[in-house]
Amino acid sequence: MSGRGKGPLAGVKVIDLTSVLMGPYATQIFADLGADVIKVESPDGDTTRFIPPGPDASRGGMFLNVNRGKRSIVIDLKQPEGRDALLRLAKDADVFIHSMRSRAIGRLGLDYEALRAVNKRIIYANLYGYARNGPYRDYPAYDDIVQAASGIVDLQARLSGGKPTYAATVIADKVAGLTGAYSVIAALFARERSGQGQEIEVPMFETLVSFTMVEHLCGSLFDPPQGPPEYARATSEARRPYQTADGYIGVMIYNDRHWRSFFDVLGNPEWSRDPMFASMRSRTENIGAVLTKVAEVIATRTTDEWVALFREAQIPATPIASLTELLHDPHLIETGFWEERQTDSGTLRFPGIPTLFSQTPGEIGDPGPALAGQSEEVLREANFSETEIATLLDSGAVRKSA
């Protein structure tokens, strides 16, 4: 499957000038949901292609996953013929999405006004590091940089003895990619009502600050502030997986019912009547002491004993799963989450689409395409003649299919 035809976005055509992970993750979602995603790459290719391991030097595993279901065409946008070819591809496109800085896309002559001139209905999405109307607009931005700038690294330091650390996943790229995906889909819905295209801006920095401040704005939501911008439960050093007698366990004793059930399991020891356990407010105000006491108790029994007790009491709890264990998780296997594809490089395993549609289910497409793998195919579908295609290939403005 090319990602064309099956799913709630079937019939939507996307011109994708994104690279690395933020933008490709957004357009992977479009492809999974049925859109025809045409990945426009530079002659050098998306840099993520070359991150090992992979079946060859230009198809690393991360690239194959996040670019599944797409088609690749290589266009040298620095050549006028290449730019003109792209604008022609965009004439009947629904979405144009890029992840360049605003000045870079402007130098190529591919800003919103240029695309709107050939297609007034187009949804034009800018995914980049910082909003273009602020002083940071020309700063380069990658996931680590935005984690550091957005407060995430400082928050992580609260859980690691004051030592700044990054989250062990590219959270800025993926949160911005998800935000870009829902923003484009919202704009497509608005176009169905108004008939009008529009421009969208999704800056990674502002997106991750918004994400972080959902709970952490806290007392600083008010003017004057009623407290610092920090949700104390999330940043307590005592908030960590609990050590059991033989390992570790994740436990979330959260609401009043959970605490009553927890004390029932323990036989209601004397300390359970301490006023600091009485309410959400008192527990939050004493969160360090509360979690420390729980840790002392959890250490007295094995992981399996606690999991059985907590699940019987309907208290959220789970053993700590490794990434390798997730590949064999019985729930994920039974729900069909992991999907396999047979390719010329052997069997590949992909995480499935996490959302379910009763009437228009999506479908995982083929692994990320070879560089320029569908160049001529894409041009022919856009009604380029064979003579025009040959001219573009001879000039180097478009690369011949691999």
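Helix H1 is mostly covered, since 10 of its 11 residues are buried, where buried means under 20% relative accessible area with a 1.4 Å probe and protein chains only, exposed means over 50%, and partly exposed lies in between. The model is predicted, so local features need pLDDT of at least 70 and side-chain atom pairs count only at pLDDT 80 or more, while totals for chains, interfaces and linings use all residues. Residues are numbered from 1 along each chain as its sequence is written, and side-chain values use heavy atoms, with hydrogens and water left out.

**Helix H1 and Asp-32**

- The buried residues of H1 are Met-22, Gly-23, Pro-24, Ala-26, Thr-27, Gln-28, Ile-29, Phe-30, Ala-31 and Asp-32; helices here are DSSP runs of H or I with at least four residues, strands are runs of E with at least two, and both are numbered from the N terminus.
- Asp-32 belongs to H1, which spans residues 22–32, and its relative accessible area of 4% makes Asp-32 buried.
- The side chains of Asp-32 and Arg-68 are joined by a polar contact of 2.6 Å, a term for a pair of N or O atoms within 3.5 Å in which, within protein, one must be able to donate a hydrogen and the other to accept it, and for which residues adjacent in sequence count only if both atoms are side-chain atoms.
- When neighbours within four places in sequence are left aside, Asp-32 is in contact (heavy atoms within 4.5 Å) with Lys-6, Arg-68, Ile-353, Gly-362, Glu-363 and Ile-364.
- Just after H1, Gly-34 takes a positive phi of about 110°.

**Aromatic pairs and charges over rings**

- The whole structure holds 18 aromatic pairs, counted for rings of Phe, Tyr and Trp (its six-membered ring) whose centres lie within 6.5 Å, with planes under 30 degrees apart taken as stacked, over 60 as edge-to-face and the rest as tilted.
- The rings of Phe-263 and Trp-271 form an edge-to-face pair, because their centres are 5.5 Å apart and their planes stand at 80°; Phe-263 counts as buried at 7% relative accessibility.
- Trp-306 and Phe-310 form a stacked pair, at 5.1 Å centre to centre and with 20° between the planes, and both lie in helix H14 (residues 303–312), 4 residues apart, about one turn of the helix.
- Trp-306 is buried at 0% relative accessibility, and Phe-310 is likewise buried at 0%.
- One aromatic cluster is formed by Trp-259, Phe-262, Phe-263, Trp-271, Phe-277, Trp-306 and Phe-310.
- The charged end of Arg-301 sits over the ring of Trp-306, 5.0 Å from its centre, and that of Arg-88 sits over the ring of Phe-384, 3.9 Å from its centre; the criterion is that NZ of Lys or CZ of Arg is within 6 Å of the ring centre and within 35 degrees of the ring normal.

**The loop at Ser-272**

- Ser-272 is placed in the loop between helix H11 (256–266) and helix H12 (280–285), and its 11% relative accessibility makes Ser-272 count as buried.
- Apart from neighbours within four places in sequence, Ser-272 is in contact with Phe-263 and Phe-277.
- A polar atom of the Ser-272 side chain lies 2.6 Å from the backbone oxygen of Pro-269.
- The C-alpha atoms of Ser-272 and Arg-260, which are 12 residues apart along the chain, are separated by 9.0 Å.
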